[in-house]
Amino acid sequence: MNDRPQDTKDAGKSDRQAALRHTHRSLPIALLRAREHVMGPIREMLNKSGVSEQKWRVLRVLDENGAMEQSHVAAQACLLLPSLTRMLHAMERDSQITRAPDRRDGRKSIVSITQIGQQILRDHADESAAIFAALEERYGATRLETLLDMLDALIDPSGDRPQPK
């Protein structure tokens, strides 16, 4: 048996390692890796037309939900409100969206997708569907739906989150 005292630097490291999961089994890191894997082909598709991932999400949210108050767009598109506000200026300039004051509360803005914004979605619809079909083929439709259900449950364990229209 080794009677030498353990180096305190090594002792601290082993304590930390015991408390932390290995990065290959870390949920935050696994989610980031999965995101990059899924988003790679989508980024390539969007780069062809100069639409950012964030703008794509905004257009998708508005197309699916109709006109929405700006803070709801931010929440649905997973964007911080200040970032969305800056982005909407450019999207409005490019005629992809319109903004109007909320009739009930003039401090708020209602955001709507325009025909130009809808055309961007239509222009990418087939390629987007093909990307998703390839992912579904590789992973399996049932497993993919189960994964989406599990992620929904992770986000809202109570199941109270409103489901899309």
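Begin by selecting helix α3 (residues 53–65) together with helix α5 (residues 81–93) in this predicted model, where the two pack at an angle of about 80 degrees with their axes 11 Å apart. Because angles of 65 to 115 degrees count as roughly perpendicular, α3 is roughly perpendicular to α5.

Next, show the side chains at this contact: from α3 take Q54, K55, V58 and L59, which meet L84, M87, L88, A90 and M91 of α5. Coloured by residue class, the contact of α3 with α5 divides into seven nonpolar residues, one polar and one charged.

Following α5, select S95, whose phi is positive, near 60 degrees.

Now move to helix α2 (residues 27–47) and helix α6 (residues 115–139), which pack at an angle of about 160 degrees with their axes 10 Å apart. That angle makes α2 roughly antiparallel to α6, and α2 passes α6 in a right-handed crossing.

To see the contact itself, select H37, V38, P41, I42, M45 and L46 in α2, which meet H124, E127, S128, I131, L135 and R138 in α6. The residues of this contact of α2 with α6 comprise seven nonpolar, three polar and two charged.

Note on methods. Residues numbered from 1 in each chain as written. Predicted model: local features only at pLDDT ≥ 70, side-chain atom pairs only at ≥ 80, totals over all residues. Heavy atoms only, no water. Axes fitted to C-alpha atoms, helices over the stretch in contact; angles between N-to-C directions. Helix = DSSP H or I, 4+ residues; strand = E, 2+ residues; numbered from the N terminus. Parallel < 35°, antiparallel > 145°, perpendicular 65-115°, else oblique. Left-handed = near helix turned anticlockwise from the far one by under 90°. Contact = heavy atoms within 4.5 Å. Nonpolar A, V, L, I, M, F, W, Y, C, P; charged D, E, K, R; others polar.
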